[in-house]
Amino acid sequence: MPSVVVKNITKKYTQSKKEQPIIALQNISFEVEKGEIFGIVGPDGAGKTSLFRILTTLLIAEQGSATVDGYDVVKDYKSIRQRVGYMPGKFSLYQDLSVEENLNFFATIFHTTVEKNYDLIKDIYSQIEPFKKRRAGKLSGGMKQKLALSCALIHRPSVLFLDEPTTGVDAVSRKEFWEMLKRLKQEGITILVSTPYMDEASLCDRVALIQNGKIMAIDKPNSINQNFGKKLWAVRANNMFGVLKTLKSWQEVFSCYSFGENYHVVMKDDDNANAMAIHDYLFKCGYREIEIQLIDANIEDSFMALMHTENEK
Amino acid sequence: MKQFFAFVKKEFFHIWRDKRTLFILMGIPITQIIIFGFALTNEVKNAKIAVLDYARDNVSQQLIQKIAANKYFQIDKSLYSYQQVEPAFKEGKIKMAIVFPQNFASDLLHGNKAQLQFITDATDPNVATTLVNYANAIVKDYQTDINKTTVYPYTIETEIRMMYNPELKGAYSFVPGVMALILMLTCAMMTSIAIVKEKEMGTMEVILVSPLKPFRVILAKAVPYMLLSMINVISILLLSVFVLDVPIRGSLLLLLSESLLFTITSLALGLLISSLTNSQQVAMLFSFLGLFLPTTVFSGYMFPIENMPIPLQIISNIVPAKWYYNIVKAIMIKGLGIASVWKETLILLAMTIVLFTVSIKKFKTRLA
């Protein structure tokens, strides 16, 4: 049985009777297997938090149904609240309580003790244990996230919901955080994690790319990239700002956007596209030191391409 | 049960660590009692007056001496002409002027009738009336003194007894009022803010996704404030007995249990406010306008309810503080027992039950 089943979920927010309701989620369906790290990747406002709140029984969807561990999110909300761990996007622990007090409090309200499940959080908690007397509000961003994860895990949940756990966290702490998630997966915990960072998608077992409340693709990160299906060129030259303008106005170009130090370019006539043609055009337009390379698409490229086709529809 | 105590403990940490709020919470009753007890009295004492004596005879001198000897009056200045009267009032120091016309003594003793003028500053009508009454009484006294030999054929002698508060102390009526006000404020405002704070900080989101029952959350939030309020009740009572000399004539136990009941009523109101609002500011405003004002206006300790128009009198019935105020007055000042306040107690109890049920029903188990 899958850990999480989402069927045709639609969520709208009505602000006032006159205005049109804002659609946060549109007819979303997916399933998450037990012990899987499932990533929900999308920009701000894509509907990630709404989805998490529906699955953690905090919101009710207008249409569709969902189950967590076989329990219905509306009918059996009490059972779900006993068994899931939830870490909201905003730091939501008691800032005026110390690290230790927060952990003890959450352990107690979930009918357990820190000692009982210490082995599960040991890796994470041991890093902030030297600061256990410090008030949670005085911790750094990375340490706050570690404490929040410890509190969400202390009752050994079967499903863990992490809403943007790495937003606002430094690169090193982000890497550590994902390593922790890998270890938790080995404990058999299903993890749903949302992130606006495309590079984190490759760290998930499977990802759902979400935009404007719609899922554009669900697959393994590699398969999504393989489905890119077009040649992707990384381009750079001496006058980078001019290149973007030139390429965008060239009718042969399908899409062009900046990526790191390069521009990623897809041609309209994909079958016959070659580096020489692009090189010649840029050279003709007066650019020098032109470097063009055929590269593999990553998640961000796939996301951009999917967004492009969504918009075309 | 362990969950519940963990929550209560956490709540105490919040209160204890927010030293400023704690200070306000425990400081309000003490400052209120002291302010009301010493600064804001509506009793008239040592009112400054001016005297304009055109007569300068023995009768006017005797009267002036009598007035000066009285504790209600203090002669601030002597005036020499009628033109000085108004400027003296305009200076703002004096509350009353007494004008003796020329030939006051001879008018009185030979013409059998003398005139005396009291001029008062009626910007504060209560003070003006009180002063005139006091001055009249002194004049009447003097009149009786000089007419000792005369025998009136018929006389009615009035005998006045001020029951329960023979010295007419203001403290007798405001101590119960302040108690009602403080309990309402600390309990209702503080609990509503405490709960709304969890919503604002996002911790409510995490608490909701836990096995904690809403009923327990609400109760655990209320318990610390109930204890703090009882400490406040005790400190108010200690201050009023030992500093303001207000007696507790009835049973202390009954008074404390009625206070506990009212505390719970206020807590229930606070819980209701917290379930209707989402930000601390709104909760504060709500508590202030919805509780503080009605409590001061309608409990009856500042403005007598009997003098209000009928619609307002009816509204005053739904203000819990009114009933508590009456109960405290009856027990503390009149020394009555439960037999005399059971009706008010029942009303408070019913209000509490209704408010509690509504706030638990209204407590959202989800975010929206």
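Helix H7 of chain B runs over residues 171-201, with 31 residues in total (helices are DSSP runs of H or I with at least four residues, strands are E runs of at least two, both numbered from the N terminus). From first C-alpha to last, H7(B) reaches 42 Å, close to the 45 Å expected at 1.5 Å a residue, where the expected span is 1.5 Å times one less than the number of residues. Of its 31 residues, 27 are buried, so H7(B) is largely enclosed by the rest of the structure (buried: 20 or more other C-beta atoms within 10 Å of the residue's own, with C-beta atoms placed from the backbone). After H7(B) comes B:Gly202, with a positive phi near 90°.

This is a predicted model, with local features needing pLDDT of at least 70, side-chain atom pairs counting only at pLDDT 80 or more, and totals for chains, interfaces and linings using all residues. Residues are numbered from 1 along each chain as its sequence is written, while chains are lettered from A in the order in which they are written.

Also in chain B, H10 (residues 252-276) and H13 (residues 320-333) pack at about 175°, axes 10 Å apart (axes are lines fitted to C-alpha atoms over the stretch in contact, and angles run from 0 to 180 degrees between N-to-C directions). The pair is therefore roughly antiparallel, the label for angles over 145 degrees. H10(B) contributes B:Leu254, B:Leu255, B:Glu258, B:Phe262 and B:Thr265, and among the partners from H13(B) are B:Tyr324 and B:Ile327 (contact: C-beta atoms, placed from the backbone, within 7 Å).

Definitions and conventions: Angles under 35 degrees count as roughly parallel, over 145 as roughly antiparallel, 65 to 115 as roughly perpendicular and the rest as oblique. Two residues are in contact if their C-beta atoms, placed from the backbone, lie within 7 Å. A residue is buried if 20 or more other C-beta atoms lie within 10 Å of its own, exposed if 12 or fewer, and partly exposed in between; C-beta atoms are placed from the backbone.
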